[in-house]
Every structure is written in structure tokens, then in C-alpha cells.
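Keep the 3D view open as you read.

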Amino acid sequence: MALIAPRPPRPPQPGQGPGPVPPTAGRSGELPPAHTALICVALPCLAISPEHGQLTGRGLEGVYQSGRRLLSRCQLRVAGREPVAVQGRLVSAGRARFVAVARTPADSGPDPEIAVERTRDADGTERITLRSSASRPLRLPVEIALGTDLADLAAIAAGRPGPELPPSVHASGMRWTAGPGAHALVTADPHPKDALASAGLLRWELELAPGAARTIDLRVRSDGRGRWAPGSGRPARASGRTGSHLLSDARVEGDDPRLETLLRTSQDDLRALLLRDPGGSADMYPAAGAPWRCGPAPAEALWAARMALPLSTRLAAATLRTFGRTQLAGPGPDFGRIPGALRDAGPHLPPSCTGVEATLAFPAVLAEAWRWGLPDQELAGLLPVAERCLRWLRQAAGDDGTLSEPGAYGVQRAETQAHAHRAAVLGADLLAAYGRPGADEWREWASALRRRFQQGFWIDDRAGGRPAAARLGDGRLVAHLGGSAAHLLDTGLLGGGRLAPGLLDRVQTEQLARLLGGPALDSGWGLRSLSRKEPGHNPFGHRAGAVRVHETAVAVAGLAAGGYEKEAVGLLRGVLDAAEAFGYRLPEMYAGEQRTADGLPVPHPAACRPAALSAAAGIHLLTTLAGIRPDAPAGAVALHPVRCAPLGAVRISGLYVAGEPFAVRISRLGQGMVEEAAQGLQLGV
């Protein structure tokens, strides 16, 4: 699925679109708001609807396939009137359900007698059911007005979708064409009584006996080839269903019933975001999020696969293979780098490179997948890619071992140093285990980076100090404190249930834990991307103060692993409460407004929802409660649950360790017990 328009430098202001013909997204160049939409996802398909269910052609509304809007308008009228919407909600990642009532001139009182239910799927199918509670037979005129602009999502994101196209009557529906290769077809069952191309209108006369129901099925597709056989079932989704084997069906039970819904929704969303490798292989990977970021995003895909490792190593293996094939192999300084785009790094730093993040993520994700049980035969094909990533790191790092961002600025971000250190430590672990050269040298390199970081990236002050956000090319430190500092606590998993050493010493780690749990960073709903005390703070800025869900999950896991449970639990409760407010479909970010007693988290109008990292973060948060640290190569697993058991008793089943089902129970006293595991798997300390 091709995309995507760049994220705006500041939050867009919602504009009010005009009527349905022609559809527009607001002022030209303005990103349409997405926070109120119900977004059904089964990539490469999307269906984006308002809560009332009528597709009016405004903003983002419509049915999309592979980045093109096939249908922008689908407006139902019964007995000459639009039904009165009473409810609209998602019932799964790929389906929305809308309920309305229809009134007729024959109604005798305030109670409606006609119920209208619409179910709309991401794959372009819709079922409209009219159900009568009247005591007499009814004859209802029903009409559906259809329209489309066949616009690319990138054009819609830029506020320039174009006018509606003229339709033609085709078989049992309508067809639109906009040049070679750009066409859409809507078919209906039963066949409409009338089809008016001039108005894009389909009409029926439906007879309903008392208590009876009638159904109209619509299908949107991108070509007119073949025929749709009613009753033959809906077309298979491109990735979400066929990729279901990549993630297990984990379940959680416990004292807090919200956990079950969060886990189920997170798994559903992550599956819905799976895309096939654009290189043509059968591998799949998670797209970053809908609606804006449905193309390849290597860094986000790798981190999401890493967070989902408890649900099996299959998604990680497929994602690693997909982006390993994109690794640059030509001569020069980029040899071994996985390419990626530049993106905004906040108000105080130049853009960062997602390719650097992906290159540093690759060895770490591969090493942890191996600990969770990635088979040797799969690892063997990926290990050379990891070695080339490490080779690039050695060449790209400066004389002092620190890694600068690409470009002329010479900026060294603290977060990037954390990624580089993790890649070196976990990469050395892999090299040693498989008898490859360089393990000792990488451990020495990482040790030297730790010493330099502790001395060169720490700012002492009266409050106990803080890590710098970055070091500039002239040696000055950027002192602004943000949520990205949580990556300094994400050290990675080694053998024997041990965590890798981090860049900070013990005293510095304790101080960072206090900062992450303090009110300047903890909004009450999660971790702000920039402290509210810093200049340039903007609660809607995605790296300037908004809550980025995956950073909160990284902080919770790192704090819990280090024994800083008070701070970890505070952030955990905040993001869990936010998940409840968002219907358990966590957006990629939301406003970092301070929580109040009667408040709710404030959505970001441009945030992707669902987002792969946020969905994976929901999984990561729940498995953090159990503190599972597998060492499949050694046939062992260790449990380090959160001792205070902040959410009461919890049982998680359907996980996978060493390729076999794994279940764990955490008591209200914070004690862990393995209930199901691979035969011979030993419980370590």
C-alpha cells in the first residue's frame, strides 16, 4: 500500500467540509482529522466511517484498497428520509456496526417501528438489514446514493481529493473510471429495481411482513472482472486473516477485567495491520498504522515484532526477513544499513533517521527472538544480516564510539546511543553463541560506550541530574527532558534470565526512574514525549509533549525490571485507564494534558488508530506484569513478576516459549507460577 503524506509540523485544525458533492477534506493542504472516525482495517483495505455510518464524502470517509478510495459516498434513505442514527461502534479491527431507526409517515407515535442495522467491513463489503416491528405489512422505498473520486489517500491527506466522478450503470450496481487502472465497482444483492447513473442512485421497493427483515448486500471492489455470487461468502482479506498464524491467540484472566479486552483488541489490531512483503515473498510485517502510515516503516515494524515476541517468534522472523532483504549491499559508508526515511525529532533537534533505528534494532530483535525460541534454521539465514548491521555501526560510529545522526549536523541523540549499545551487547551474545568472530570486540566497544556516555551525556544539577537528550556537533548538550529517555532503561535480554547492562550507572538509573515517574513527565495518562517544564512543550506535539504509547510501555518494562515499581505502576495504571477511554484501541499518541479527577485523555486529531506499536505495547504491558525472561537455547525460563501485583491476580495463557504453548499465573501476592510450558523447560531464577 503506497503512501504517505508527511506528518504536519504542528497539529492541524479541523476544518468543516462542504456537502457530499464534491467531497473535500477541508482547506487545501490540511490533514483531515481522524480522531472521531471509526477505522476498519484489514490491510491493504480500509473502511473509514463517521459514527452515524453514512458515508457523505467528507474528509477521510470512504472505502479504500491499496491506498485508493474506491467509495466516498454511501448514503441510505428509507421512505424518503435518512435513518436516525443511534449507535456506531467497532466490533472488531475490520468491522463496524451501525444501528439506526427509520420513521415513516404511517408511524403512530414516538416509538420507531423500523430498525436499520449496517455492518461495514474493511474489505469493501456492507450488509444493510431492515427489521420491522410494525403490526402491519409495510412497503418501503429504499435508496442508496453512491459516489467516489477515486482519489489517492496521499491526495486526501493533503486536502486535495478532487471532484466526484460520473458513474455508469453496471450489472447490479455502479461503476466509475478515472483513466487506465483506476476504476471502482459497487454491486448489490438483491438487484435494485432502478439504477440512475445521473444521480448515482440505486432503488428498491422492499416489502416487510410484521416481524420480518430484509437485507441488502453491497460489495465494493477495484475492478469489474468476474461476478459476485451472492451467498458465496466475503472475499478473503489480503493479510490479516492469512497472517493470523504469525501470532498466537493469547488470553488473560484476572481480577481486572479490562486486561482481557486490551489483549484481545491489541492482537486483533496487530493482525489487521499485517502487510505482505512488497518484494514479493510470502513474508508479512506490521505497517505502522492507519490511516496515514500503511506503507513499510522498518523501525516501527521491528519494534512492534519485538514487543509481540511472547505471542511467538514467527512475526519477528517474517519481519526480519522482509527488511533484511532491503539492506544496502553496495560499496561505501551505507553498506549494511537498512534504509529508512527521515522524521521529525521534536522542537530542539534536527530530523532523525528511521533507517538508523532499524539497522540498530535488527541485531537486538534477532537476539531476543532467539532467546524466545526462534529455530536455528531460521536464525542461520538472518545472522549474516545482523553481522552486516554491526559492521555498519562500527563504520558509522565516531572515533569516540558515539553514533551521529546522518547529515551535516553531527547530532548524537541519547536514544540512538541506547539503541547502538543494545545492538552491540545483544549482537555480541549472538556472535559468541554461534562461534562467529567479533563477540569480545563488541563487548569491549559497548563497555567503552558506557563509560563515555556516563561522563559525556549526563548533566548534573541541584535536582540530581538528568541525561541529555543529545550532544550537538560542537559538544554542547541538549538538556531537554523527554520520554525518549525511557530507552536508556531498555537494555535487552541475555541468557540465564539476565538483562544486559545499560548505559547509565546505578545512581543515574535511580535518578532517571524518579524523573520518569515525576509529574513533569507523567501526565497521569502516560509518559509525555517532552516534559511540560521544557521550552517548546506542546501537549499535542508528537515529540514535543504528546503521550506516545510505546514509549510509556518501554518505560514501564524498564522501570519494573529495575525494581522501580512505584514509578512503573503509576505509568501502567495511567495508560491502562487511557486504553479504557479509547475503547482499548490505543492510538499511536494522544495529548499530554495533565489528568484531572473528572477528565479523560484528549485524542490527537492526526494520530494513527490503530497503530502497530501501540497495539504491540498493549501486549508488552501485560507480559511485563509476569516478567517472563526466556532462554530457549538453554532450555530455561525465569519469572520476575511485578512484586506488588498492581492489578491483582493475573493468568496469561496462549503465549509461546521455545516454540510451545506457555501459560503463567501471578498471584495477588506477586508470586509467579508456570502452568504450561514446553516439555523439559526448566524454571530459572
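Predicted model: local features only at pLDDT ≥ 70, side-chain atom pairs only at ≥ 80, totals over all residues.

How many cavities of 30 Å³ or more turn up in the whole structure? The search finds seven. Zoom in on the largest cavity, which holds about 300 Å³ of space. Its lining is made of 23 residues, and if you want to find its centre, head for Ala345, Leu349, Ala469, Ser484 and Ser529, which lie nearest to that point. What kinds of residues line the largest cavity? Twelve are nonpolar, six are polar and five are charged.

Now for an open space. The second largest pocket has a volume of about 600 Å³. Its lining takes in 29 residues, and those nearest its centre are Leu90, Phe582, Gly583, Arg585 and Arg609. Where does the lining of this pocket come from? At least two residues each are supplied by strand 1 (38–42), strand 7 and helix 2 (258–272). Helix 2 gives the largest share, with five residues. Sorted by class, the lining of the second largest pocket has 15 nonpolar, eight polar and six charged residues.

Most peptide bonds are trans, but the one from Arg609 to Pro610 is cis, with omega near 15°. Pro610 sits in the loop between strand 29 (589–590) and helix 12 (612–626). There's a cis bond between Ala290 and Pro291 too, where omega is about 10°. Pro291 also belongs to a loop, the one that runs between strand 20 (284–286) and helix 3 (298–307).

Most residues other than glycine have a negative phi. Ser66, though, has a positive phi, near 50°. You'll find Ser66 in the loop between strand 4 (62–65) and strand 5 (68–71). Is Ser66 buried, exposed or partly exposed? Ser66 counts as partly exposed, because its relative accessibility is 47% and that class covers values between 20% and 50%. Further along, Ala79 has a positive phi as well, near 55°.

Conventions:
Residues numbered from 1 in each chain as written. Heavy atoms only, no water. 1 Å grid on protein atoms, 1.4 Å probe; cavity = no way out; pocket = protein on both sides within 12 Å on 5 of 7 lines; lining within 4 Å. Points joined across faces, edges and corners; volume = space filled by probe spheres on them. Nonpolar A, V, L, I, M, F, W, Y, C, P; charged D, E, K, R; others polar. Helix = DSSP H or I, 4+ residues; strand = E, 2+ residues; numbered from the N terminus. Buried < 20%, exposed > 50% of the residue type's maximum accessible area, 1.4 Å probe, protein only.
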